[in-house]
Amino acid sequence: MSKWFSKQISSFAFSLQKTYERIITAKPSLFLVGASAVALSFFLLSGGIYDILIKPIVAYFASGGRMIVFYPSLTDQFLLESIIIMVFYAIGFAGFLIAHRSTKYAYNPRQAYRFLLVGCVLLIIGYVLIESGLMSKFGL
């Protein structure tokens with residue numbers, strides 16, 4: 001083997017080792033990890049795996065020009081249904097975040113009360129919207 005080739009191989013091995021060490025010791029942002037976990041849970045809870053595997057239709061247009069968003073069966077769903085439920089989950093989670101933020105304003109009770117009130121209202125709105133979606137899916 002020539003000297004040039006052996007030098008290139010050892011340099012490549014050294015750069016691979018440094019890249020491996022950089023990957024192992026990387027510390028991702030806590031916010032990025034948390035946001036990714038929340039987004040993944042929203043995706044899974046709203047039926048994202050079903051949407052990827054089955055590729056459902058977006059929605060159904062009934063004979064009166066009426067759009068049906070929630071599929072009337074528990075075994076199937078429309079694509080728009082899962083997107084809407086994902087948004088409803090996000091509204092509820094935003095309520096939790098705003099209610100948690102109210103604890104940072106303990107020195108200002110008026111502002112803390114406002115944040116808590118807005119957070120609770122968003123949480124209740126998200127819950128009611130999800131329940132109404134389930135009730136329309138069941139046909140109640």
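User: Take buried as under 20% relative accessible area, exposed as over 50% and partly exposed as in between (1.4 Å probe, protein chains only). Is Thr25 buried or exposed?

Analyst: Thr25 is exposed, because its relative accessible area is 58%. This is a predicted model, in which local features need pLDDT of at least 70 and side-chain atom pairs count only at pLDDT 80 or more, while totals for chains, interfaces and linings use all residues. Residues are numbered from 1 along each chain as its sequence is written, and side-chain values use heavy atoms, leaving out hydrogens and water.

User: Where is Thr25 found?

Analyst: In the loop between helix H1 (3–24) and helix H2 (30–45). Helices (H or I, at least four residues) and strands (E, at least two) are DSSP runs numbered from the N terminus.

User: How many Å apart are Thr25 and Phe43 in space?

Analyst: 29 Å, C-alpha to C-alpha. In sequence, Thr25 and Phe43 are 18 residues apart.

User: Is the crossing of H2 and H4 left-handed or right-handed?

Analyst: The crossing of H2 and H4 is right-handed. Handedness is left if the near helix is turned anticlockwise from the far one by less than a right angle, and right if clockwise.

User: Which residues of H2 and H4 meet?

Analyst: Val38, Phe42, Phe43 and Leu45 in H2 meet Met86, Tyr89, Ala90 and Phe93 in H4. Contact means heavy atoms within 4.5 Å. By class, this contact has eight nonpolar, no polar and no charged residues. Nonpolar covers Ala, Val, Leu, Ile, Met, Phe, Trp, Tyr, Cys and Pro; charged covers Asp, Glu, Lys and Arg; the others, Gly among them, are polar.

User: And H4 with H5: at what angle do they cross?

Analyst: Roughly 160 degrees, and the axes of H4 (residues 79–101) and H5 (residues 109–138) come within 7 Å. That makes H4 roughly antiparallel to H5. The crossing of H4 and H5 is left-handed. By class, the H4 contact with H5 has 15 nonpolar, four polar and three charged residues.

User: Is Glu81 buried or exposed?

Analyst: Glu81 counts as buried, because its relative accessibility is 5%. Not counting residues up to four places away in sequence, Glu81 touches Val69, Phe70, Tyr71 and Lys137.

User: Which residues form the largest nonpolar core?

Analyst: Five residues: Val69, Phe70, Ile85, Phe88 and Ile130. A nonpolar core is a set of buried Ala, Val, Leu, Ile, Met, Phe, Trp, Tyr and Cys residues joined through side-chain atoms within 4.5 Å.

User: What does Phe88 touch?

Analyst: Gly126, Leu129 and Ile130, with residues up to four places away in sequence left out. By that count, Leu129 touches Phe88 and Ile91. At 27% relative accessibility, Leu129 counts as partly exposed.

User: New topic. What is phi of Lys55?

Analyst: Near 55 degrees, a positive value in a residue other than glycine. Lys55 lies in the loop between helix H3 (48–54) and strand E1 (60–61). Lys55 is exposed, with a relative accessible area of 64%.

Methods. Axes fitted to C-alpha atoms, helices over the stretch in contact; angles between N-to-C directions. Parallel < 35°, antiparallel > 145°, perpendicular 65-115°, else oblique.
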